[in-house]
Amino acid sequence: MSATVIMDSTTIDRALTRMAHEIVERNPQEDSLALVGIRTHGAQLAQRLGSKLSAILGRDLPTGELDISMHRDDLALRSTPPRVGPSRIAFDVNDKTIVLVDDVLFTGRTIRAALDEIADFGRPRRIQLAILVDRGHRELPIRPDFIGKNVPTALGERIGVRLAEVDGKDEVVVEK
Amino acid sequence: MNTTWQRKDLLGIQDLSVDEINLLLDSATAFKEVGERAVKKVPSLRGKTLVNLFIEPSTRTRTSFELAAKRLSADVINITATASSLVKGETLKDTALNLQALNADIIVIRHSAAGAPYFLSKLLKASVVNAGDGAHEHPTQALLDAFTIREKKGRIAGLNVTILGDILYSRVARSNIWLLTKLGARVTLSGPATLVPRMFEEFGCRVTYDVEEAIRDADVINLLRIQHERQRKTMFPSTGEYAALFGLSKERFARLKPDALIMHPGPINRGVEIDSDIADCGRSVILEQVTNGLAVRMAVLFLCSGGQTGEP
């Protein structure tokens, strides 16, 4: 298996900086912005976007994290049940504009599960999607609003996202 | 920890590994959070059917399993002994095969005979969860007790846990002893000598008939109800005498460690095994045990429903 590095810590940081500006640009008079990351890597990316946004806006944004294992549609298809963790959304989601954050967008099934789960916490005004790497091959009608990098891939390839907070260093690799 | 859950059934605590127990308790933390949401329901078991087969009466365990299943979006059927064909002479095996023919995915069974869940698990493709079999095991009760202790004390290893009352007839006691000793707690049993036989020392716990000594250093006191329905004849003279000799009175409570937790699997007999005011005090976690029971049972149903390998 060969791995090609397509993003390093500098390019990841530049992409997140640009995405933070795009989020502010898209939501001009937005005082109800909030971030929700999908565990594990999406939650870390949401934290990073959050600190960039608070630098731009001069205030902190409410940030939460989701564990979508309970909302997956493939429990009986997997060889073992997934390890579930609690979701933490400590703010009222009603009427918020929520930017949902994940590392890789592939089939769209994770995002579908996350959308369902957010609805269990209340009724946001709108939900936007921020993704570090869009690798294509959607199986559902889901489209990101903010993209770090578009990476056309073959189905058999794997995208590996590593972040310093959990993996010790920042990089995105394509493994084939 | 990278343990994965490979079992289709939860029959007891005795054959679980420490890692499996911790996986169950960790998963329950996630499911407890679901109960705090605006919508207290997740779609994990959508389209699955759970049958509560309660051949022995129970309200709280059955209700807890029913609500746990509903919060996971499963459909639930309740069957009680008096309302089933068991009273018409149908065997447990035939009842179970009929439930399987209805495509039941999970059968939660309570039965007066020890081993009944094991018997069904060998017979059925469906998952079988033991909700209490005779005086043998009540695994979800032990798990919720451990979950509550871990939540309140931050750990289980090294704690002194005293189980007080009817041990002989108690499946709760057996499951608790197995679980707590596996996780490294020091377990002490106490109560009337007729209900706390010395043979329990073989389970790796301590037996003492000196109640004062049993509770003095306890971090957790788990009070068990006197199970009149399971005793062939009265094992002690009167409930009044039991209350005086073994009940958790205000006087005994005052001599406990200041942070000792008071637990009880319910239903409580106020004034017998526990003083009424103590049952309602801040250190009693009896109602939190009920809340945690729901989370633990959701975790059990979730894990037993995942990744079935097709083994019968």
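**Close-up views of chain B**

**View 1. Helix α6 of chain B and its surroundings.** At 1.5 Å a residue, the twelve residues of helix α6 (residues 171–182) of chain B should span 16 Å, and the end C-alpha atoms of the helix are 17 Å apart, which agrees. The expected span is 1.5 Å times one less than the number of residues in the helix. The model is predicted: local features require pLDDT of at least 70 and side-chain atom pairs count only at pLDDT 80 or more, whereas totals for chains, interfaces and linings use all residues. Residues are numbered from 1 along each chain as its sequence is written, and chains are lettered from A and ligands numbered from 1 in the order in which they are written. Helices (H or I, at least four residues) and strands (E, at least two) are DSSP runs numbered from the N terminus. G184(B), which follows α6(B), has a positive phi, near 90°.

**View 2. The parallel sheet of chain B.** Four strands form an open, parallel sheet in the order β2-β1-β3-β4 (chain B); strands count as paired if DSSP finds at least two bridges between them. At the edges stand β2 (75–80) and β4 of chain B, each with a single partner strand, so one side of each lacks a neighbour in the sheet. From one strand to the next, the twist averages 15°. Strand β3 (residues 106–111) of chain B pairs with β4(B) in the parallel sense over five bridges, and V108(B) stands opposite V129(B) in β4(B). Helix α4 (residues 116–123) of chain B lies across β3 and β4 of chain B, at about 170° to β4(B). Axes are lines fitted to C-alpha atoms, for helices over the stretch in contact, and angles run from 0 to 180 degrees between N-to-C directions.

**View 3. A113(B) in the loop between β3 and α4 of chain B.** A113(B) has 13 C-beta neighbours inside 10 Å and therefore counts as partly exposed. Leaving aside neighbours within four places in sequence, A113(B) is in contact with D133(B) and G134(B); contact requires C-beta atoms, placed from the backbone, to lie within 7 Å.

**View 4. The two domains of chain B.** An automatic or database domain assignment gives domain 1 (18–136 + 293–305) and domain 2 (139–290) of chain B. The contact takes 17 residues from domain 1 of chain B and 18 residues from domain 2 of chain B. On the side of domain 1 that touches domain 2, α1, β4 and α11 of chain B each supply at least two residues, and the largest share, five residues, comes from α1(B).

**View 5. The contact of chain B with chain A.** Chain B gives 19 residues to this contact and chain A gives 17 residues. On the side of chain B, α1 and α11 (286–305) each supply at least two residues, and α1(B) provides the largest share, four residues.

How values were computed. Buried ≥ 20, exposed ≤ 12 C-beta atoms within 10 Å, placed from the backbone.
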